[in-house]
Protein chains: 2
Amino acid sequence: MSEPDLLRAAIRDVPDFPKAGVLFKDITPLLKDPAALREALRRMEERWRDESVDAVAGIEARGFIFGGALADRLGIPFVPLRKQGKLPWHVARAEYALEYGTDAIEMHVDAIEAGQRVLIVDDLLATGGTARAAAELIEAQGGVVAGFSFVVSLVFLKGGEKISGYPVQSLVEYGE
Amino acid sequence: MSEPDLLRAAIRDVPDFPKAGVLFKDITPLLKDPAALREALRRMEERWRDESVDAVAGIEARGFIFGGALADRLGIPFVPLRKQGKLPWHVARAEYALEYGTDAIEMHVDAIEAGQRVLIVDDLLATGGTARAAAELIEAQGGVVAGFSFVVSLVFLKGGEKISGYPVQSLVEYGE
């Protein structure tokens, strides 16, 4: 259990961020600790290396940190999934529900090739809205979702239910 | 000249983004091409490997892609420099001028140790406002700016003048 503990110990609880009553899981101490950062990336690489993944899609912004490094390790393309209005070329868009209203993520329409197997990477699985929108976006462009890799999963928020049917890796889980 | 050409050929011009009259340098084709992405990172790694760099600071959001992968390659910490209100812990802030008004970037106050040599990574050097604010932020926290690494520099915008005195690497330059 030393490997999971190394990662868990490098995540900091921040009360009342981004709003009162929320206990935020801060991964910046993990980014600051090269042993923990490498171990997180090593476990991602090990899990997906033999899964015929053709591209890594990272969700803005923290998903870029892990997704970029993982794409480099695997030697495959990196696809940025961005907030609205950030990508300069022609985009596809997928909306998802927030507590109040909706938000959306976008991907360039030429970011993936039809049939490519795409791994979606983000730092956090919470309610799963963004993750599901990311999968919809990739599938709408003809891609195949190979799975998801998260640093942290807040299991009690049941985000996994929104992406059931896909393989999911979570390096650190906070339970029920 | 094959190496610079590989990178330059993977950057796409997008007219009128984010507003009319601006010719945007889109790096997403470079991210999509594993040979170009690896070559960019290889050149960053080679330039800074023997410069006693203690940490890589990446500027949100595209700086996270290259900065995270470079920190992984060098085996050193990654420090996210983020837009206002995104970091959960105690932050230091540096403001910089925009065409109209000001913006700011933030860093956790415990992100670096006093005396650490920090390499600042971003995808683009334009007017240099963000880059200079990043250096101020790191120095105000007791860090030493080892230098800057950019994928693209828009030389004609003279951003280099705002960070003169620091070592600067630019993989692709668009001149006068």
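**Notebook: a two-chain model**

I started in helix 3 of chain B, where Arg42(B) and Glu46(B) are 4 residues apart and therefore separated by about one helical turn. Helices (H or I, at least four residues) and strands (E, at least two) are DSSP runs numbered from the N terminus. Arg42(B) forms a salt bridge with Glu46(B), and the closest N and O atoms are 3.2 Å apart. By salt bridge I mean a side-chain nitrogen of Lys or Arg within 4 Å of a carboxyl oxygen of Asp or Glu. Over all chains this rule gives 26 salt bridges.

**Ground rules**

I noted that this is a predicted model, in which local features need pLDDT of at least 70 and side-chain atom pairs count only at pLDDT 80 or more, while totals for chains, interfaces and linings use all residues. Residues are numbered from 1 along each chain as its sequence is written, chains are lettered from A and ligands numbered from 1 in the order in which they are written, and side-chain values use heavy atoms, with hydrogens and water left out.

**Where the chains meet**

How many residues of chain B are in contact with chain A? I found 38 residues of chain B in contact with 38 residues of chain A, contact being heavy atoms within 4.5 Å. The two chains, B and A, bury about 3,300 Å² between them, with 59% of it on carbon and sulfur atoms. On the chain B side, Lys32(B), Asp72(B) and Pro88(B) lose the most area to chain A, together 20% of what that side buries. Buried area here is the accessible area (1.4 Å probe) that two parts lose on being put together, summed over both.

I then looked for charged pairs and found 6 salt bridges across the interface of chain B and chain A. Asp72(B) makes a salt bridge with Arg73(A), and 2.7 Å separates the closest N and O atoms. For polar contacts between chain B and chain A, the count is 14 residue pairs, both residues at pLDDT 80 or more. A polar contact is a pair of N or O atoms within 3.5 Å; within protein, one must be able to donate a hydrogen and the other to accept it, and residues adjacent in sequence count only if both atoms are side-chain atoms.

Which elements of chain B give two or more residues to the side that touches chain A? I listed strand 1 (12–15), strand 2 (23–26), helix 2 (28–32), helix 3 (34–48), helix 4 (62–74) and strand 4 (78–83) of chain B. Helix 4 of chain B gives the most, with 8 residues. By class, this side of chain B has 20 nonpolar, 5 polar and 13 charged residues. Ala, Val, Leu, Ile, Met, Phe, Trp, Tyr, Cys and Pro count as nonpolar, Asp, Glu, Lys and Arg as charged, and the others, Gly among them, as polar.

**The sheet of chain B**

I traced an open sheet of 7 strands in chain B, with mixed pairing and the order 5-6-4-3-7-8-9. Strand 5 (91–97) and strand 9 (168–174) of chain B are at the edges with a single partner strand each, so one side of each has no neighbour in the sheet. On average, neighbouring strands of this sheet are turned by 20 degrees against each other, direction ignored. Strand 5 and strand 6 (residues 102–108) of chain B pair in the antiparallel sense over 7 bridges; two strands count as paired if DSSP finds at least two bridges between them. Ala97(B) stands opposite Thr102(B) in strand 6 of chain B.

Helix 4 of chain B packs on the sheet, touching strand 3 (55–59), strand 4, strand 7 (117–125) and strand 8 (144–154) of chain B, and its direction makes about 140 degrees with that of strand 7 of chain B. Axes are lines fitted to C-alpha atoms, for helices over the stretch in contact, and angles run from 0 to 180 degrees between N-to-C directions.

**Backbone notes**

Most residues other than glycine have a negative phi, and most peptide bonds are trans. I found the peptide bond from Phe17(B) to Pro18(B) to be cis, with omega near -5 degrees. Pro18(B) sits in the loop between strand 1 and strand 2 of chain B. Glu60(B) and Ala61(B) are also joined by a cis peptide bond, omega being about 0 degrees. Ala61(B) lies in the loop between strand 3 and helix 4 of chain B.
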